[in-house]
Amino acid sequence: MAKGPPMGIGIIVFTLCLLIFLAFRGVSILILAPTLAVFAAALSGLPVLASYTQIFMPNTGAFIITYFPLFLLGAVFGKLMEDSGSAKSIGDWSVHRLGERRAMMAIILSCGLLTYGGVSLFVVAFAVYPLAAAVFRKADLPARLIPGTIALGSFTFTMTALPGTPAIQNAIPMPYFGTTAFAAPGLGLLASAIMLGVGYGWLHWRADHAAHTGEGYAQSLAPDQLCEGTEGLNTLPKCPLPPLAIALAPIVMVVVLNLVLSRYVFPRMDLRYLASDQWGAIDPSDIIGIWAITLSLSAACLSIFILNPRWASNLFPSLGEGATAAVVPIFNTACLVGFGAVIATLPAFDQLRESILSIAPGNPLVSLSIAVNILAGITGSASGGMSIALDTLGARYLELGTAAGFAPGVLHRVTAVATGGLDALPHNGAVVTLLAICGMSHAKSYLDIFVVALVGPLLALAAIVVIASL
């Protein structure tokens, strides 16, 4: 029998806290997510086996079906960038030009460029990590700071705040508020500056503190990583280091080709056939982004072979190694999607959602901010929390905002920025994936992610809500 609402809400909170705690203790998400999903279903009086086979697994599988090409190609691209010497070439140049003190900024800007160009943050993590490892090794910065640095460049200002970003978090509000990706550009730029300033200030302080205590690149690595890192310092990559222009070309290709395909090529093609049942009966806009990134990454991978013809044969083993590296991250993330789907079916979830959405009804900006943030935190998904809030009360928020004198663009920007706060809790799929890619644990690196991807965005959100409310 289903539990009453108060107890049901307690089950949701308890399960979420248990997931976060055990993830911190190093228990695999592959085990945690399905176990705690069915545990929550059992406590709520739902059929355990049906919750697993009919809710958890279909949602987990749907995520893998949709995003496997991105994880696969992203991992292969990152491995090719590493083994071709391109990542090290860019890393050496970045440290030389910007100085060791600005090594982190070089990585942040690299991530920002890619994500603002429309590249998935999962792909950015795969592609930039080898570059980050090379730069941090060269500058002798602690490897544990790499996840926070990548998170700042890809999970924050380019995901929710920077006007024109093609991120899904900036696209979802458009049909609800009748806006464009450039909604409220002033507020977006302000929020971006705050996120970047807070995040970089924190990372810079952490690096200075590590330098004073004598901690360098190797100290935060696991023993097996330490061996790999030490070997990497004494041997050349599979290929001699290419010139900077050749090293940068694949990254530039990803950004430019993705923009051209997603903005100009695919939108002008006759894709009406996708509306038929044979092709899934989908809207072209639902798949164009995946197509564009898939082709862009495929072309970028091919370009690495073409641009390094003398050493192309040395790179073929990288294809298999990169493909293998994609498996754990995508299954980690997909299992968390399945976990969130089960939680959303619990009897108490509807009441919890309505309670959250009714917070601070006097100011729609405050209510919207809190609602989206809390729902994103519960589901572990920025887009998931936003979708729940807007599906339920999007029209109502537009009505309240218009009555209070807020332009639809302001509602759009506040909604987008609000998704980038509590979504970065430890159970978030992007957080788990990033840590897995970097070979770091929550205990070693989550504090930095917490500050740059949660505290900074929340401060930015508070600032634009206050300014917009004046």
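Predicted model: local features only at pLDDT ≥ 70, side-chain atom pairs only at ≥ 80, totals over all residues.
**Around Thr433**
- You'll find Thr433 in helix H21, which covers residues 429–438.
- Leaving out residues up to four places away in sequence, Thr433 touches Phe71, Phe122, Pro329 and Thr333.

**The nonpolar cores**
- The largest nonpolar core has 113 residues, and the members that touch the most others are Phe77, Ile107, Phe136, Ile146 and Ile150.
- Helix H6 (residues 121–139) gives this core its largest share, 14 residues.
- Take Ile150 as an example: not counting residues up to four places away in sequence, its contacts are Ile107, Cys111, Ala125, Tyr129, Ala132, Phe155, Leu434 and Cys438.
- There's also a second, separate core of 23 residues, with Leu19, Ala40, Ala41 and Val342 among them.

- The buried ones include Gly409, His412, Arg413 and Thr415.

**Two helices side by side**
- Helix H11 (residues 185–212) and helix H22 (residues 442–469) have axes that come within 8 Å and cross at roughly 150°.
- Angles over 145 degrees count as roughly antiparallel, so H11 is roughly antiparallel to H22.
- The crossing of H11 past H22 is right-handed.
- On the H11 side, the contact includes Leu187, Ile194, Trp202 and Arg206.
- On the H22 side, the residues in contact include Leu447, Asp448, Gly456 and Ile467.
- Sort the residues of this contact by type and you get 18 nonpolar, 2 polar and 2 charged.

**Two loop residues with a positive phi**
- Most residues other than glycine have a negative phi, which is the background for the next two.
- Asp140 isn't a glycine, yet it has a positive phi of about 55°.
- Asp140 sits in the loop between H6 and helix H7 (146–154), and it is partly exposed at 48% relative accessible area.
- Ala281 isn't a glycine either, and its phi is positive at about 50°.
- The loop that holds Ala281 lies between helix H13 (244–265) and helix H14 (285–307).
- Ala281 counts as partly exposed, with 44% relative accessibility.

Methods:
Residues numbered from 1 in each chain as written. Heavy atoms only, no water. Axes fitted to C-alpha atoms, helices over the stretch in contact; angles between N-to-C directions. Helix = DSSP H or I, 4+ residues; strand = E, 2+ residues; numbered from the N terminus. Parallel < 35°, antiparallel > 145°, perpendicular 65-115°, else oblique. Left-handed = near helix turned anticlockwise from the far one by under 90°. Contact = heavy atoms within 4.5 Å. Nonpolar A, V, L, I, M, F, W, Y, C, P; charged D, E, K, R; others polar. Core = buried A, V, L, I, M, F, W, Y, C linked by side-chain atoms within 4.5 Å. Buried < 20%, exposed > 50% of the residue type's maximum accessible area, 1.4 Å probe, protein only.
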